[in-house]
Amino acid sequence: MNEVVAPPASAYFIVKDNGTPENHTLSILVDNEPGVLARVIGLFSGRGYNIESLTVTETEHEKHLSRITIVSNGTHSVLEQMRHQLERIVPVHSVTDLTVVAHAKGYEKPLERELAMLKVVATGEQRLEALRLADAFKAQVIDANVTHFIFEVTGRTSKIEQFIAIMAPLGLVEVCRTGVAAMARGPGIE
Amino acid sequence: MNAKKRDFDGMEMTGAAMVLQALRDNGVEHIFGYPGGAVLPIYDELFQQDDIQHILVRHEQGAGHAAEGYARSTGKAGVVLVTSGPGATNTVTALQDALMDSIPLVCITGQVPTSLIGSDAFQECDTVGITRPCTKHNWLVKSVDDLPRVLHEAFRIATTGRPGPVVVDVPKDVQFALGIYQGPKIAESRISYKPKVGANLEQIKSAVALMAKAKKPVIYSGGGVINSGDKASELLRELVKETEFPITSTLMGLGAYPASGERWLGMLGMHGTYEANMAMHDCDVMVNIGARFDDRITGRIDAFAPDSKKIHIDIDPSSINKIVHVDIGVVGDVAYVLEQMLALWKKEKKKHQAKALKDWHAQIAKWQARNSLAYNQTSDVIMPQHAIERLYEASQRSGKETFITTEVGQHQMWAAQYFGFEKPNHWMTSGGLGTMGYGFPAAVGVQVAHREALVIDIAGDASIQMMMQEMSTAVQYGLPVKIFILNNQHMGMVRQWQQLLHGNRLSSSYSEAVPDFVKLAEAYGATGMYCDDPNTLDDMLDDMINAEGPVIFDCRVANLANCFPMIPSGKAHNEMLLPDEASDDAIATAIDSKGKALV
C-alpha cells in the first residue's frame, strides 16, 4: 500500500451565504400532467432546497391546472433563485412568493391554513379531558366509539402544533396533516 | 415543403410514420441513432424513405455528442434516435452535456409497449424519470393522438429561449398505432412556456449610460452570443468597434469575436490569459454578454472584479444574480439586446471616455507584453502548445473552412489558448459538463453537416479512448474527420492537478497501456500517422489535412508539460500562476493552506 497522507484541496471556490434564512410560502400554478410534481420536487432535491410543507391538488378542472403550495426555507438569494428555477419548468404557469406579497401589504404572513386528523385512544377522565380541549380548539369529532375519537382540526400551523402537543399525553396514537394551503389577502389574484 | 405539409396534415398514419413526418416538417435532414427492439417501427419507416439520412453510430452516447456537434455547427436542433433501456441510458451523458452548454437536441427514445410499462419488461427503464433532471423538458407519449403535438413542441422547446435537450419517449405500441397527423402549427398552443426574447428597454438604457461613463470597461462574452445566432456575433463585433471596449470570452464563446480582432484579450478564467484576467479584475464596468459566471471563470468570488459595476445580459432570468450579484440585469436574447444597445449608443451619440480609455488600453498593452502564453520550444521534443500553433498554421495553409472540436483536459485548454478562432459555430467543446469523449463524435456530427470542411478533433491520449468506436462510423460514411492526439501518455490535466494539489502523487493518471494509434487507425480502415519530431511536424500536418479519409495523428508531445497560465484554487484573477514563474517551488506552494481548506 502507498503512504497515507492528509487530504488536500479541490477545484471549487465556496462562498458562504451570509443571509438569514427565512420561511417563505410559494404558490405554483402548473399544468396537471404526469410527472409535473416530480419535476418540482426533483428541482428542490437536485438543487438542495428545503421543503417544509407541500400541498398539491387540481384546482381548475376544465383547464387541468393544479396549484402546488410549498413552504421552503432559505436566504433571500436562495429564495429568488428557487423562484426563477421553478419558472424554467415548462408546465409551470406562474410562481408567486406569497410571503413577499404579504410583506408588501404590511402583513407578516399570507393566509395559511392546515387541516389535521388526530386519533386519540383513551378512557375515563382522559377521554373527557380530550373532548373538552377539542371543543376549546373548535375541533370536530368525525369518528368515535367508546375507546377512541378522531378529531378534525383546521387552522394555522401553530394552532395545529399546539393541539397535537396538548393531545399527546391524552392518548394520541396517530396524526395526519394536509400541509399548508395559502392565499394572498385582498381582492387581487396573485 | 409546403405542399408536403398540406398533404400530410390531417392524414391517417402510424405513430412511426408520424415521427418521420414531424422530423421532415421541422426541417431535419440528418439524425444520429442506433436501432433496437423498441424503435424498430421507426427504423422501418426510415428504411422506406430518402429525405432524412440516418447516421448509424457505434454507441448511443456517440449519437448524442454527434448531434451536439451537428447542432453547434449548424444552429439547428440535433436529432437522436435510440431504443429503450440501455439505448436511452447511454444518451444521458450527452443530454446533460447539452443541458449545461445549452445545445438544442431532440432525442427520441423507444419504450416498451404501454401495457408493459412498470412490469420490469426486457430493456425497460424509466426513461422520463432518468432524463428529467438532464433535459429542458421530456415526454412519455402514451397515446398516438398526442404524438404529433408533442414532437412539434419538442422542437419548439429545444430550439427557443435558452436552448437545450429534450426527450420524447415513444412506446412501441404507440409507434404501431394509427392516428391523425397534424402539422407543426398545433404546437403553439402550450401557454405555460413563454421564452423571453425582447428585453426591458429601461434596463438597456441604464446599461448604455453606465457604459458611456466607464473608464476601465471590459466585455466578457459567452456561449449565449453563439446560441443567439450569427447576427449576435456581428452585433457584438460592431459594439466593440463602436465602444472600443476590450473584449474577452469564455471557453464556450470563442469565435464570436475574432481572435485577430484589435480589442481581443484572449480567453479568461482558470486558464485564461494574463491580460484578460487582469482586465477583469481591475475593470470598473463589466459587460457580461451571454455568459453565466461559471466557477472556472470567476475564481474566488469575494475577490472577483471587486471595484466594478456589472451588467449581465442573459436570456435565462435564473442566470442573473445566481453566482455574482450584478447591478444591471437585462433578460433577453443577445441579438435583440445588442441591437437596442447599439441603436441607443448611436442615437444618443454616446461617446466612450476617450482619455481614460486610452490609458486603459495602454495598461492592457502592458499586461499583453507580459506574454502569458509564452513557452519554450526546443528542437528535440514537440511542445503541445507548439503543436496547436502549427496545426492552426497548417489549417490556414489548406485554405479550408476549419471546424475544431476537443475532448476534455490539457489539450482542450491549449486548443482554446493557441488556436485562433475567427468565426462563431466553428469551435465545439464540452464546457459545462467537461465530458471526455465528446470531441470525436462531435466532429463526426460536424462533418455530416459540412462534408467539404476540414474537421479536426484535438484530443488527448486518454480522452480519445472513451469514444474511439465512432471511427467505425466515420469510415462507414466516408467522413474525413482528423483526430489530432496530443499524446503525453498521461491524463495530463489530472496529472497537473495531482502535481499542484496532491504532492505529485500520480494516482492512476499514467496511461500504462496506450494503444498503437497508427495500427488502431489501420484496423478501422483509416489512416494512422505518428510524429515525435518538431522538424517534420509541419509536413506531416499537411499530409494529415490532405488525406482523403479519416486520420488518427499520434503526436507525441512533452509528457510533463503543464497548462499555464492558471488561477490556482482559492485565488483571485490577479493572483495567476504564469508559466515563467511556475518553478517547481512555486507550483508546490501555489495553493496556500486557506485554499487547501476549501472543499
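How many nonpolar, polar and charged residues are there in the lining of the second largest pocket? In this predicted model, local features need pLDDT of at least 70, side-chain atom pairs count only at pLDDT 80 or more, and totals for chains, interfaces and linings use all residues. Residues are numbered from 1 along each chain as its sequence is written, chains are lettered from A and ligands numbered from 1 in the order in which they are written, and side-chain values use heavy atoms, with hydrogens and water left out.

Back to that pocket: its lining has seven nonpolar, five polar and nine charged residues. Here Ala, Val, Leu, Ile, Met, Phe, Trp, Tyr, Cys and Pro count as nonpolar, Asp, Glu, Lys and Arg as charged, and the others, Gly among them, as polar. A pocket is an open set of points on a 1 Å grid over the protein atoms alone, where a 1.4 Å probe fits, with protein on both sides within 12 Å along at least five of seven lines; lining residues have an atom within 4 Å of a point. The second largest pocket holds about 540 Å³ of space, the volume being what is filled by probe spheres set on the points, which are joined across faces, edges and corners. Of its 21 lining residues, A:Glu33, A:Pro34, B:Trp139, B:Leu140 and B:Arg149 sit nearest the centre. Helices (H or I, at least four residues) and strands (E, at least two) are DSSP runs, numbered from the N terminus.

Now for chain A, which splits into domain 1 (22-104) and domain 2 (112-183), with bounds from an automatic or database domain assignment. The centres of these two domains, taken over C-alpha atoms, are 29 Å apart. Seven residues of domain 1 of chain A touch seven of domain 2 of chain A, contact being heavy atoms within 4.5 Å. Between them, about 460 Å² is buried, with 52% of that from carbon and sulfur atoms; buried area is the accessible area (1.4 Å probe) that two parts lose on being put together, summed over both.

Chain B has a couple of backbone details to look at. The peptide bond from B:Phe564 to B:Pro565 is cis, with omega near -5°, and B:Pro565 lies in the loop between β20 (551-556) and α24 (584-588) of chain B.
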